[in-house]
Amino acid sequence: MATSGRRRSWGGGGRRSPVSLGVMEVLHHPGRWPVPADGSVVTIGAYDGVHLGHRHVIADVRARAGELGAASVVVTFDRHPATVLRPESAPKLLTDPAQKLALLAGTGVDATVVVRFDRERSEETAEAFVEELLVARLAARQVVVGADFHFGHGRKGDVGLLSEMGAVHGFAVTGVPLWTPLADHRTPEVLWEAPVSSTRIRRMLADGDVDDAALLLGRPHQVRGVVEHGDKRGRELGYPTANVAVPDDIALPADGVYAGWYRRPGGQRLATAISLGRRPTFYVEEGLLLLEAHLLDFDGDLYGEEACVEFVARLRGQQAFPSADALIAQMGHDVASARRVLAAPPT
């Protein structure tokens, strides 16, 4: 059943939570907010990337909530739980916290609860999590999670435990497998024969396959950071760049040269040739990993601004050149290739 597109009023009586992103409520746990007057349909997960599989689940949650006249709710975490439970092997993130909330707001969900995940939270029992959050704070009527979902201390909570507690507290539970688009018969492409997952997208990025990653994300992969001063080597070569300092916990594509877009605060979008790597022409040993964005049709000061860089297509891998002149010639080819890929008008 399709939803009407109308969001539920949170808590009844027109009361609103302390934070709102667009019309999606952003609620922080622990914290206080009005209990949804008509109950809620809830999904729980890291939701890193808010990719097509995530959106498929959220659309189902919204449809169920619409049928019940309840609020639709995503429960997620302020950091990836693995950064607390196994920091040495925690995955790089496809989205930073602000990006994730903005993408979730775009799904039409009524509210997102951001759970503070720290060592104390990791030691909370699954039963306490259900009673404290799902029952007492969200008045859950239905819970939709991945079929292999685990939660609570020692990962002892699963779909079975949720179902047992739901029978006691009055909520239904649905465990859904990872979404495979071909199961919906929407496309014959081989790309869609495997389930969509954040792990699969990270592998694509690690291979430099930003095109297919964008298909699974439903958008180009984006990274954000502050433009910092560099050694101005790009300017000396005739191709000035914005050096974007991306946080260490964010997933970057494989080293290489890419065509993409640079988004400025306020929404301006500029065609860009992106170099991501350690500049092997100038450093025999590994230099610092840098994201350098050469804006094709821009001349101005970008230092200190918050930049968003989108990767559209990989043009080539990083390589060492025998001279600065050889590198300059290749950079000219790269800029021309980026312009063709992005269909940007010539200067």
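Predicted model: local features only at pLDDT ≥ 70, side-chain atom pairs only at ≥ 80, totals over all residues.

Colleague: How many helices and strands does the protein have?

Modeller: The protein has 10 helices and 13 strands.

Colleague: And what percentage of the residues count as buried?

Modeller: Of the 347 residues, 48% count as buried. As for contacts between residues at least 6 apart in sequence, 71% of them join residues at least 24 apart.

Colleague: Which residues have the most contacts inside the largest nonpolar core?

Modeller: They are V244, Y262, L291, V309 and F311, in a core of 31 residues.

Colleague: Which element gives the largest share?

Modeller: That is α8, with 4 residues.

Colleague: Back to V244, what does V244 touch?

Modeller: Leaving aside residues up to four places away in sequence, V244 touches G225, V226, V227, Y262, L291, A307 and V309. Apart from this core lies another one, of 29 residues, which includes V115, L133, F149 and V159.

Colleague: Now the helices: at what angle do α7 and α8 pack?

Modeller: Helix α7 (residues 198-206) and helix α8 (residues 210-217) pack at an angle of about 160°, and their axes are 8 Å apart. Because angles over 145 degrees count as roughly antiparallel, α7 is described as roughly antiparallel to α8.

Colleague: Is the crossing left-handed or right-handed?

Modeller: The crossing of α7 and α8 is left-handed. On the α7 side the contact is made by R200, I201, M204 and L205, and on the α8 side by V210, D212, A213, L216 and L217. By class, this contact has 7 nonpolar residues, 2 charged residues and no polar ones.

Colleague: Is G154 buried or exposed, and why?

Modeller: G154 is exposed, because its relative accessible area is 58% and the cut-off for exposed is over 50%.

Colleague: How far is G154 from A126?

Modeller: Their C-alpha atoms are separated by 8.9 Å, while the two residues are 28 residues apart along the chain.

Notes: Residues numbered from 1 in each chain as written. Heavy atoms only, no water. Axes fitted to C-alpha atoms, helices over the stretch in contact; angles between N-to-C directions. Helix = DSSP H or I, 4+ residues; strand = E, 2+ residues; numbered from the N terminus. Parallel < 35°, antiparallel > 145°, perpendicular 65-115°, else oblique. Left-handed = near helix turned anticlockwise from the far one by under 90°. Contact = heavy atoms within 4.5 Å. Nonpolar A, V, L, I, M, F, W, Y, C, P; charged D, E, K, R; others polar. Core = buried A, V, L, I, M, F, W, Y, C linked by side-chain atoms within 4.5 Å. Buried < 20%, exposed > 50% of the residue type's maximum accessible area, 1.4 Å probe, protein only.
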